[in-house]
Amino acid sequence: MSIMVTRSSMPKLEDYIEEIKPVFESHHLTNMGPVYKKFQKQLIDYLEVPELSLFANGHMALEVAIHALGLRCESGEVITTPFTFVSTTHAIVRNGLKPVFCDIKPDDYTIDTGKIEELITDRTVAIMPVHVYGNLCDVEAIDRIAKKHNLKVIYDAAHAFGVKYKGIGAGNFGDASMFSFHATKVFNTVEGGAVAFRDRKYGEPLHELKNFGIHGAEDVTEIGCNAKMDEFRAAMGICNLRRIDECIAARAGAAGRYNERLGNVPGIRLCTPQKDVLPNYAYYPVYFDECVFGRSRDDVFEELKKHDIFARKYFYPAINEMTCYRGQYNRNTPVAHDVSQHILTLPLYEGLSQEEVDRICDVILG
């Protein structure tokens, strides 16, 4: 039987049916209805954030957040990481901004805060760090840099749902944080996303921009888009939120078994747990050093595939090496390049059994 790199967590069918009954009764399918508002309140409570706006997907949440924070500028630059999903960079570029790529740390793959300041110019308007695989960026150092240079900070927190640092939810750092609720994530609404923020002044522009820029009943004051979350996805979110702690615990069990089997193998490097961070076990990344291990990342990838086990080269290639961006922006990011060539995320999801983890490890170590 095939083992995929991920499998979506889902509630019991009867639970979902019960949650969408009011939608069928009211015929209120979208436009920030009662189920949306119920889900929004529950997420604010769970993530322990002051404010939150829901979106149809994580990408549009990030794109609109940039716009809502007033960062759109033809000559503006945003310092970010090349080791992320391409959506991060697309959101910057589609807002008319220039991404400036900062290299990453070799241990947790987040942005190297020691290299940010040398990239700041008079055109820099923001920093957009990415919490990678559930590993949190150095939020304290980023905060100091941003305050020193009067820059906005928007976190791509697509991988960080439920993660906490020193007891504080990941959505409380920076000016805004984007969460993705895509089907492949720890928590999903099938498709969906959210922007968490602290300053209430961003609430109105976020709300209006995702609804075509409509202001009031009879005017449109901004060139917006349609990025609203509908009632059915909000209902799925409500159902999945009830069992998110159970889901994370199951993923932790599978990750623990991987650690037992792969933790002391020469040539295999795993992520070290971060100090003061409560993790969510979003992904299980493994760095393969072929000179020591004897096989490359690509060799392992192909061998797993022969056994109907589908891992993922995530992220590969680095963003500044992709066709759509190659040659346009800086590529002085050797660590990101190296990691993208050697990292493989192994299957990890709620229903992954210990026996299946052993099957995967047997192929890797065989």
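Which residues of α2 are buried?

1. Val35, Tyr36, Phe39, Leu43, Ile44 and Leu47 are the buried residues of α2. Buried means under 20% relative accessible area, with exposed over 50% and partly exposed in between (1.4 Å probe, protein chains only). The cover over these residues includes α1 (13-26), β1 (51-55), β7 (168-169), β8 (176-180) and α7 (231-242), where contact means heavy atoms within 4.5 Å.

2. This is a predicted model, in which local features need pLDDT of at least 70, side-chain atom pairs count only at pLDDT 80 or more, and totals for chains, interfaces and linings use all residues. Residues are numbered from 1 along each chain as its sequence is written, and side-chain values use heavy atoms, with hydrogens and water left out.

3. α2 spans residues 34-47, 14 residues in total, and reaches 20 Å from its first C-alpha to its last, close to the 20 Å expected at 1.5 Å a residue. The expected span is 1.5 Å times one less than the number of residues. Helices (H or I, at least four residues) and strands (E, at least two) are DSSP runs, numbered from the N terminus. Just after α2, Glu48 has a positive phi of about 55 degrees.

4. The whole structure holds 2 cavities of 30 Å³ or more. On a 1 Å grid over the protein atoms alone, a cavity is a set of points where a 1.4 Å probe fits but cannot get out; a pocket is an open set with protein on both sides within 12 Å along at least five of seven lines; lining residues have an atom within 4 Å of a point. Grid points are joined across faces, edges and corners, and a volume is the space filled by probe spheres set on the points.

5. The largest cavity has about 40 Å³ of space, and its lining includes His159, Lys185 and Tyr283. The second largest cavity also has about 40 Å³; Ser9, Arg243 and Cys247 are among its lining residues.

6. The largest pocket has about 410 Å³ of space. Its lining has 21 residues, with Asn135, Cys271, Pro273, Pro279 and Tyr281 nearest its centre. α8 gives the most to this lining, with 4 residues.

7. The second largest pocket has about 340 Å³ of space. Of its 21 lining residues, Phe85, Ser87, Ser180, His182 and Lys185 are the closest to its centre. α3 (58-68), α4 (86-93) and β8 each supply at least two residues of this lining.
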